[in-house]
Amino acid sequence: MTHCPKCGAYIPDGGRMCIACGWKPEADDTPFKDNPYISYLQQVMDTVVNEFPGKKDGDAGLPPHDNSGWIAAASYLGPAFIYTYFKYNEYDIVRYHANQACILFLLNIAVDFVGKMPLLGKPLKSLAGAALFVLAFIGAKAAVAKKSEPLPVVGELGIEILK
């Protein structure tokens, strides 16, 4: 457990920056131990940035006309929306789809609670889980096409809530 030396906010182990104030540790700061989950997520996102078409040798940045759709689509992979939102928030398409993915993630948590209800919980959880999977696929497809289309049924709700 680490706290930001600038503002005092909590930074989880393996965190690469303070979400509250934007402070980033130096490369040799030892309190920031590598968290295996965050390291894996970093590795996956670096692969997405480096492996998809449009990446040129030596490119450090992510041009919005090349890979931003793929990065936005990666937002629909569970809690990856948090990483894509904070790392690539300068791109409107990534920010938009990270917000849509956040709504799906919150709905997934609600569906898990519904699944605990006796009798109807498990069938409702199965149906809702399948619907959320389909919505995530629709969102990822729109993200790859670089379209800012709200998800059916829940997309407009998400836009209103996250304003």
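Phe81 is buried, with a relative accessible area of 10%; buried here denotes under 20% relative accessible area, exposed over 50%, and partly exposed the range in between, using a 1.4 Å probe and protein chains only. The model is a predicted one, in which local features need pLDDT of at least 70 and side-chain atom pairs count only at pLDDT 80 or more, while totals for chains, interfaces and linings use all residues. Residues are numbered from 1 along each chain as its sequence is written, and side-chain values use heavy atoms, with hydrogens and water left out.

Phe81 and Phe105 form a tilted aromatic pair, 5.5 Å centre to centre with 55 degrees between the planes. Rings of Phe, Tyr and Trp (its six-membered ring) are paired if their centres lie within 6.5 Å; planes under 30 degrees apart count as stacked, over 60 as edge-to-face and the rest as tilted. Because Phe81 lies in helix 3 and Phe105 in helix 4, this pair ties together parts that are 24 residues apart in sequence. Phe105 is partly exposed, with a relative accessible area of 26%. The structure holds two aromatic pairs. Tyr85 and Phe86 form an edge-to-face pair, with 5.4 Å from centre to centre and 90 degrees between the planes. Tyr85 is partly exposed at 26% relative accessibility, and Phe86 is partly exposed at 36%.

The wider fold comes next. The protein has six helices and two strands, and from the N terminus these elements run β-β-α-α-α-α-α-α. Helices (H or I, at least four residues) and strands (E, at least two) are DSSP runs, numbered from the N terminus. Of the 163 residues in the protein, 33% are buried. Among contacts with a separation of 6 or more, 44% are between residues 24 or more positions apart, a contact being heavy atoms within 4.5 Å.

Helix 4 has 23 residues and reaches 33 Å from its first C-alpha to its last, close to the 33 Å expected at 1.5 Å a residue; the expected span is 1.5 Å times one less than the number of residues. Its buried residues include Ile93, Val94, Tyr96, His97 and Leu104.

The largest nonpolar core has 23 residues, and those with the most contacts inside it are Tyr76, Tyr88, Val94, Leu104 and Val154. Such a core is a set of buried Ala, Val, Leu, Ile, Met, Phe, Trp, Tyr and Cys residues joined through side-chain atoms within 4.5 Å. Helix 2 (68-74), helix 3 (80-87), helix 4 and helix 5 each give two or more residues to this core, and the largest share, eight residues, comes from helix 4. Leaving aside neighbours within four places in sequence, Leu104 is in contact with Tyr76, Leu132, Leu135, Ala136, Leu151 and Val154.

Leu119 has a positive phi, near 70 degrees, in a residue other than glycine. Leu119 is found in the loop between helix 4 (92-114) and helix 5 (121-144), and is exposed, with a relative accessible area of 84%. Val153 also has a positive phi, about 70 degrees, although it is not a glycine. Val153 is found in the loop between helix 5 and helix 6 (155-161), and is exposed at 82%.

Finally, the structure holds zero disulfides, a disulfide being a pair of cysteine sulfur atoms within 2.5 Å. Cys7 is partly exposed, with a relative accessible area of 42%, whereas Cys102 is buried at 15%.
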